[in-house]
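Here's a quick briefing to read alongside the model. Have the sequence and the 3D view open as you go.

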Amino acid sequence: MKKEIADKLAMEYSHLWHDSMTALPDGWISALVTMLDKLERLSSIERSPSRDPEGLATWVDLRIEVSAIRAAAYATPVRPAGKWRPGRALSCIDALNDFADQCSKICSVCGQPAVSDGSHIRCAEHTVVQPQVSRTQALYQEVRDLFPPVHGKAIDLHVPDHLFELLASSLRSILKLVIQEGVVGKVLITRVEIDDGALFVRVRYQSLTAVFMGTQMAINEMISDLEVLSDEATRKHNLGGSDATS
Ligand SMILES: [Zn+2]
């Protein structure tokens, strides 16, 4: 909570305030205030004017524990303990329970009704949406060792659906070979693009000694296979497409 609010509450509820309460998120402050009000009134519950005419300023020392999905209040009777009567003790326990219960049901940002998503208690408006990593981004990360560090738009893995798995498996196979042969950084795919429906892939070998001639030929073959297979896949896809629309 903000310091101004903490200062205000610390003054208003000076007998019950504890610095652990500052960890509460703003949305849960109303639940805290409700609890503090109930605990302030403990003296008036089942009070016997003859035995405790003054009442106690407070009956408990409070602590709050907060995480992203729960908040709990812990109370210890103050020493010397006042006269705890059954109704007073129950009211105290109810206040603590209600606080934890409230915090589990209201948005920790705004205090509107909310449910736990397992990592936060947030209303629909304040739900933290994790951006979905697209399959294209995931593939790029997986095989990025094949690409030059800087390539502008020359590498575009946004290929049509019917080519994606083919492209992905070919790039994985090439990377596997590159790692096996210990030539990471020396085999660079410098271009992946779709031009007029056809997939083009370009590779550059840098500082690759003659010892790796076999590796180089194997990679060239994998790339030409990929291009041929993707042409076939595109042809089939287009045929299927025209059948479906005719
Ligand atoms: Zn909210």
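Leaving aside its neighbours within four places in sequence, which residues is Phe99 in contact with? They are Ala31, Leu32, Met35 and Ala73, where contact means that the C-beta atoms, placed from the backbone, lie within 7 Å.

Two notes before the details. This is a predicted model, so local features need pLDDT of at least 70 and side-chain atom pairs count only at pLDDT 80 or more, while totals for chains, interfaces and linings use all residues. Residues are numbered from 1 along each chain as its sequence is written.

**The nonpolar cores**

- A nonpolar core here is a set of buried Ala, Val, Leu, Ile, Met, Phe, Trp, Tyr and Cys residues joined through C-beta atoms within 7 Å.
- Buried means 20 or more other C-beta atoms within 10 Å of a residue's own, exposed means 12 or fewer, and partly exposed is in between, with C-beta atoms placed from the backbone.
- The largest core has 26 residues, and those touching the most other members are Trp28, Ala31, Leu32, Met35, Leu39 and Phe99.
- Two or more residues each come from helix 2 (29–40), strand 1 (60–66), strand 2 (71–77) and helix 3 (86–103); these elements are DSSP runs numbered from the N terminus, with helices being H or I of at least four residues and strands E of at least two.
- Helix 2 is the top contributor to this core, with five residues.
- Apart from it there's another core of 16 residues, including Val143, Leu167, Val178 and Val187.

- Strand 5 (residues 187–195) and strand 6 (residues 198–205) pair in the antiparallel sense over eight bridges; pairing takes at least two DSSP bridges.
- Ile194 has Leu199 in strand 6 as its bridge partner.
- The two strands form a hairpin with two residues between them, and Asp196 in the turn has a positive phi of about 50°.
- Asp196 counts as exposed because it has 5 C-beta neighbours inside 10 Å.
- Ser207, in the loop between strand 6 and helix 6 (213–245), has a positive phi of about 45° although it isn't a glycine.
- Ser207 also counts as exposed, with 8 C-beta neighbours inside 10 Å.

How values were computed:
Contact = placed C-beta atoms within 7 Å.
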